[in-house]
Amino acid sequence: MTIPTGHAAPTAELFKDAFRTHPAGIAVITAQGPDGPVGLTASSVSSVSAEPPVLAFSVSTASSSAAVLVAAETLVVHLLGAEQLDIARLFATRGADRFGGAVEWQPLPTGEPLLTDAPWALRCRILHRLPIGGSMILAAEVVTIEQARSDNATPLVYHNRSYHRLGDQSMVG
């Protein structure tokens, strides 16, 4: 039997190192709070089920937007393309004026903020909230989908503490 090299007990730093090498798509999640719209950049959004359409993501409870997102009954998950790098950075910056003049948005008829430049926007209804460590995992059913463009946007991904664009040149199989 071969013992893998680098075998170590899990630590927070080693866990973070492992996930730095695992690329993830970038989304911005928005909701309407009692004091106005909130939002944050997330790399944890994943598809859970196609029928019914359900997604999940995690929110650090240390985030300034966490309380509103966790309490929301509905929210919008915006799947970003590489052209929205500035939006991803803005919503990832603590203390930034996320809904000022730097980003185009409008409230949906149901009240949630919609980032009009995002290639895809999924309006969701929260199904489950699961506290784990310093985070909250939210499972949400997609109730409407907005497609801003009919073209296939170049995806924006996060890998090794940097944003990247995926394209045909990155295809390996």
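Guide: Let us start with a definition: a residue is called buried under 20% relative accessible area, exposed over 50%, and partly exposed in between. Please keep in mind throughout that this is a predicted model.

Visitor: Where does lysine 16 fall on that scale, buried, partly exposed or exposed?

Guide: Lysine 16 has a relative accessible area of 43%, and is therefore partly exposed; glutamate 13, at 45%, also counts as partly exposed.

Visitor: What do the side chains of lysine 16 and glutamate 13 form?

Guide: The general idea is that side chains of opposite charge can pair when their charged atoms come close. Here the side chains of lysine 16 and glutamate 13 meet in a salt bridge, with 3.6 Å from N to O, and both residues belong to helix α1 (residues 12-20), where they are three residues apart, about one turn of the helix.

Visitor: How many salt bridges are there by this rule?

Guide: The count comes to five. Another of them joins glutamate 112 and arginine 123 at 2.8 Å, N to O; since glutamate 112 lies in the loop between β7 and β8 and arginine 123 in strand β9 (residues 120-132), the pair ties together parts that are eleven residues apart in sequence. Glutamate 112 is buried, at 2% relative accessible area, and arginine 123 is buried as well, at 17%.

Visitor: Which residue does arginine 125 meet in a salt bridge?

Guide: The side chain of arginine 125 meets that of glutamate 141 at 2.5 Å, N to O, and this pair links distant parts of the chain, with glutamate 141 in strand β10 (residues 135-147) and arginine 125 in strand β9, 16 residues apart. Arginine 125 counts as partly exposed, at 36% relative accessibility.

Visitor: Which residues of helix α3 are buried?

Guide: In α3 (residues 85-92), the buried residues are Ile87, Ala88, Leu90 and Phe91. Viewed down the axis of α3, these buried residues fall within an arc of 165 degrees, so they line one face of the helix. They pack against several strands, including β2 (27-33) and β3 (36-42).

Terms used. Residues are numbered from 1 along each chain as its sequence is written. This is a predicted model: local features need pLDDT of at least 70, side-chain atom pairs count only at pLDDT 80 or more; totals for chains, interfaces and linings use all residues. Side-chain values use heavy atoms; hydrogens and water are left out. Buried means under 20% relative accessible area, exposed over 50%, partly exposed in between (1.4 Å probe, protein chains only). Helices (H or I, at least four residues) and strands (E, at least two) are DSSP runs, numbered from the N terminus. The arc is that of the directions from the helix axis to the C-beta atoms. Contact means heavy atoms within 4.5 Å. A salt bridge is a side-chain nitrogen of Lys or Arg within 4 Å of a carboxyl oxygen of Asp or Glu.
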